[in-house]
Amino acid sequence: MPTRPDYSLLELASVREGDSVGTTLANSVAYAQHAEALGFQRFWLAEHHNMEGISSSATSVLIGHIAGKTNQIRVGSGGVMLPNHPPLVIAEQFGTLESLYPGRIDLGLGRAPGTDPVTARALRRDGLGAEQFPEDVARLQELLGPLHPGQAVKAIPGAGTKVPIWLLGSSLYSAQLAAMRGLPYAFAGHFAPRLYREALRVYRDNFQPSEQLDRPYAMLAVPAIPADSMAEAKFLATTSYQRILSLFRGQPLWMRPPVESMNGLWNAGERASVQDFLSLQMMGDANDLNRQLDELLASVEVDELMFTIDIYDPAQRRRALDILAQTRAE
């Protein structure tokens, strides 16, 4: 078996229906600790707002909590939605995190608000929002870089920490910007799979070396349901189907128990939409996953894979990491 790219995890701190946020975050800690023990590279948390069932909105706070409960796994944002924040505030937050956990913090940036339009307006600082994303990225790079004589605005802490900046995207825009700036790039195939090949190709073809990165480094996020059998995986996957269905319907995104059949829970159009949303989802036992990974990696060049694993039972979710880890060559 060929050596796989590095494996990482994306976490939304999803709340099981009836659970508290405190219980959810304790489960996220245990999940991160298990991933670290298995040799996963990164554990990233996503910024979302006004979504019942998602508890990762205070992303930098949660990054610090997870980093403090682990020892070596890199912890970061996948991502911070930069239009919601002044770059100075993000530089100070992540400069503080880097000072507390040196060499372990990643700053992944997105240009979407990570929420609905009404909440976006409630979050949005004065300015152009996503339209000024390139300028905000450049400002962040400046604030996290070395201090210059006469620099009027300084991120303290933050200046000189050089926290690694990643650009995240689900279209070609961020791929082009990441290539132009010489930054690592992560494509959100876990919810927007259609353009992943084209975006990753655009990124590699147009990459310009920078102080942070001398050659392109690309990551692809994909959903996965590792299990002890394909039959079990198909059963467990109904939890993710119910969540995506709720997303499409504008309903709360609580994690719900798996069901024997989705019949009666969705109509034909909804089923097609959910399956399209999750078209990169991998599932099954280690052998099944190996075949699916071989097929994916034959079609696209990536340096790292970041998995999202929506499984209702926390112990089964940690067990899924054991199965997934079997697919990486030593």
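Residues are numbered from 1 along each chain as its sequence is written, and side-chain values use heavy atoms, without hydrogens or water. Because the model is predicted, local features need pLDDT of at least 70 and side-chain atom pairs count only at pLDDT 80 or more, while totals for chains, interfaces and linings use all residues.

Start with charge. Side chains of opposite charge can pair when their charged atoms come close. Here a salt bridge is a side-chain nitrogen of Lys or Arg within 4 Å of a carboxyl oxygen of Asp or Glu. The count comes to 17 salt bridges.

One of them is local. R139 pairs with E142, with the closest N and O atoms 3.2 Å apart. Both residues sit in helix α5 (residues 133-144), three residues apart, or about one turn of the helix. Helices (H or I, at least four residues) and strands (E, at least two) are DSSP runs, numbered from the N terminus. R139 is partly exposed, at 28% relative accessible area. E142 is partly exposed too, at 35%. The scale runs from buried (under 20% relative accessible area) through partly exposed to exposed (over 50%), using a 1.4 Å probe and protein chains only.

Next, R204 and E301 form a salt bridge, 3.8 Å from N to O. R204 lies in helix α7 (residues 196-206) and E301 in the loop between α11 (286-299) and β9 (304-308), so the pair ties together parts that are 97 residues apart in sequence. R204 is buried, at 18%. E301 is exposed, at 53%.

R319 and D228 also form a salt bridge, their closest N and O atoms being 2.6 Å apart. This pair links distant parts of the chain, 91 residues apart: R319 is in helix α12 (residues 314-325), and D228 is in the loop between β7 (218-226) and α8 (230-236). R319 is partly exposed, at 34%. So is D228, at 45%.

Now the interior. In soluble globular proteins, nonpolar side chains tend to be buried together. A nonpolar core is a set of buried Ala, Val, Leu, Ile, Met, Phe, Trp, Tyr and Cys residues joined through side-chain atoms within 4.5 Å. The largest core has 84 residues, and L107, L109, F307 and I309 have the most contacts inside it. Beyond its neighbours within four places in sequence, L107 has contacts (heavy atoms within 4.5 Å) with residues including V80, F94, L140 and W166. Another core lies apart, with twelve residues, among them W44, A186, M219 and A221.
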